[in-house]
Amino acid sequence: IEGCEYSFELIGQKAGETIEFKPNILIESFKTVHRVSSQGYIVKLRKKKLRAEFEKLHPEEIIELRRKGVEVENIFWDPVFAFTGDTQIEFLDVSPQAAKSKVLMMEVTYYDSKKSVASAREWGHIHLDELIPRLDSIGAEKILLIHTSRRHTRKEVLEILAKRIPEKHRERVSLF
């Protein structure tokens, strides 16, 4: 349609593997729980933090230590975004690192009695009734809900979330 060609390289990734997307960006896959083999992904950014023993030094002293080859920083990988795809709530138990990302994009397919928790589980999905008791243990700053069943309108889901999500979590939980 646009009259141009795109060049892509598709790279397979098994659960537990990490791919260096860029020198400061990793994509790590994690196991999820579904009726068929499934996995999610975490994007991690490379960060540096000044080691505690050097925090009280003046910047000139830190620069001098660097010139001498002293490692003044710790390097760590900060999980910034996780995506689950289809899964059951047990992905939190199987791959708890996903819940530690700044943003967790996760499926919640059913929101009310139109489908029971048992029905959601039978098809490998999550019901809102399973997420609510887990909100305190999810460390993500933002939880974006995806994969809503067509049985629910967006308006219905927003109303349900407004009523059912505990007030202390309302700012964190959103329908994507």
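I began with the largest pocket, which has a volume of about 180 Å³. For a pocket I used a 1 Å grid over the protein atoms alone: an open set of points where a 1.4 Å probe fits, with protein on both sides within 12 Å along at least five of seven lines. The volume is the space filled by probe spheres set on the points.

This is a predicted model; local features need pLDDT of at least 70, side-chain atom pairs count only at pLDDT 80 or more, and totals for chains, interfaces and linings use all residues. Residues are numbered from 1 along each chain as its sequence is written, and side-chain values use heavy atoms, without hydrogens and water.

Next I listed the pocket lining (residues with an atom within 4 Å of a point). I found E9, I11, Q13, I19, E20, F21, I27 and Y41. Strand β1 (residues 18–22) gives the largest share, three residues. Strands here are DSSP runs of E, at least two residues long.

Then I turned to the sheet. It is open, with seven strands in the order β1-β2-β3-β4-β5-β6-β7 and mixed pairing. Pairing takes at least two DSSP bridges between two strands.

I looked up one pair. β5 (residues 103–107) and β6 (residues 142–146) run parallel, joined by five bridges. L104 has I143 in β6 as its bridge partner.

Last, I checked D78, in strand β4 (residues 73–83). D78 counts as buried because its relative accessibility is 12%, and buried means under 20% with a 1.4 Å probe, protein chains only. Contact means heavy atoms within 4.5 Å. Leaving out residues up to four places away in sequence, D78 touches V43, K44, L45, K47 and K102.

Notes
Helices (H or I, at least four residues) and strands (E, at least two) are DSSP runs, numbered from the N terminus. Buried means under 20% relative accessible area, exposed over 50%, partly exposed in between (1.4 Å probe, protein chains only).
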